[in-house]
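Okay, everyone, thanks for coming. Let me put the structure up and walk you through its core, its pocket and a few residues.

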Amino acid sequence: MSSPGVAVVRGFNDALARGDVGGMLDFLDPEVEFRAPESLPWGGTFHGHEGFREFLAKVFNQQPAEFSRELLEYLDAGERVVVLLRLRGAPKGGGKGFDVPEVHVWTVRDGKIVDFEGSFDIATALRTLQLQPRPTA
């Protein structure tokens with residue numbers, strides 16, 4: 001039996017796997033904060049449902065890679081849920097790929113995701129995709 005927080009994050013990931021943006025938004029608080037490593041071309045901090053849509057557009061439309069994730073384990077830590085994954089990617093059109101561990105930390109309150117942060121080996125991903133890190137301020 002999973003905790004309510006784990007059930008929310010699983011529901012979000014199921015909607016993501018289906019490509020169901022509306023279903024994903026159903027699990028997100030209107031004031032959600034999504035953070036991806038700043039050095040990625042699609043990285044940054046995104047606020048609210050519109051920010052989440054912006055993040056998705058960057059991930060799915062603006063990057064030169066194909067990605068897949070294997071969800072390995074959900075860890076219940078109270079209002080936080082930690083998800084262990086494998087991130088696999090390769091340049092669009094072929095080429096050498098990468099396979100690295102990834103960690104997602106979700107905060108769930110009142111049945112909604114209010115915060116997300118993901119981390120993985122950014123240097124390996126950028127090197128494989130032949131991308132330069134995004135300059136940070």
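So, the largest nonpolar core has 30 residues, and those touching the most other members are Phe 12, Leu 28, Phe 34, Phe 52, Trp 106 and Ile 113. By nonpolar core I mean buried Ala, Val, Leu, Ile, Met, Phe, Trp, Tyr and Cys residues joined through side-chain atoms within 4.5 Å. Buried is under 20% relative accessible area, exposed is over 50%, and partly exposed is in between, with a 1.4 Å probe and protein chains only. Two or more residues each come from α1 (4-18), α2 (21-26), β1 (28-36), α3 (48-61), β4 (80-91), β5 (98-109) and β6 (112-120). The top contributor is α1, with 5 residues. Helices (H or I, at least four residues) and strands (E, at least two) are DSSP runs, numbered from the N terminus.

Quick caveat: this is a predicted model, so local features need pLDDT of at least 70 and side-chain atom pairs 80 or more, while totals for chains, interfaces and linings use all residues. Residues are numbered from 1 along each chain as its sequence is written, and side-chain values use heavy atoms, with hydrogens and water left out.

Back to α1. Buried there are Gly 5, Val 6, Val 8, Val 9, Gly 11, Phe 12, Asn 13 and Ala 15.

Now, what does Trp 106 contact, beyond its neighbours within four places in sequence? The list includes Val 9, Phe 12 and Asn 13, plus Val 81 and Ile 113; contact means heavy atoms within 4.5 Å.

Val 81 itself lies in β4 and is buried, at 0% relative accessible area. Setting aside neighbours within four places, Val 81 contacts Gly 5, Val 6, Val 9, Tyr 74, Leu 75, His 104, Val 105 and Trp 106. Its C-alpha is 6.4 Å from that of Thr 107, 26 residues apart in sequence.

Last stop, the largest pocket. There are 31 lining residues, and nearest the centre are Leu 16, Val 59, Phe 60, Phe 67 and Arg 69. A pocket here is an open set of points on a 1 Å grid over the protein atoms alone, where a 1.4 Å probe fits, with protein on both sides within 12 Å along at least five of seven lines; lining residues have an atom within 4 Å of a point. The largest share of that lining, 6 residues, is from β3.
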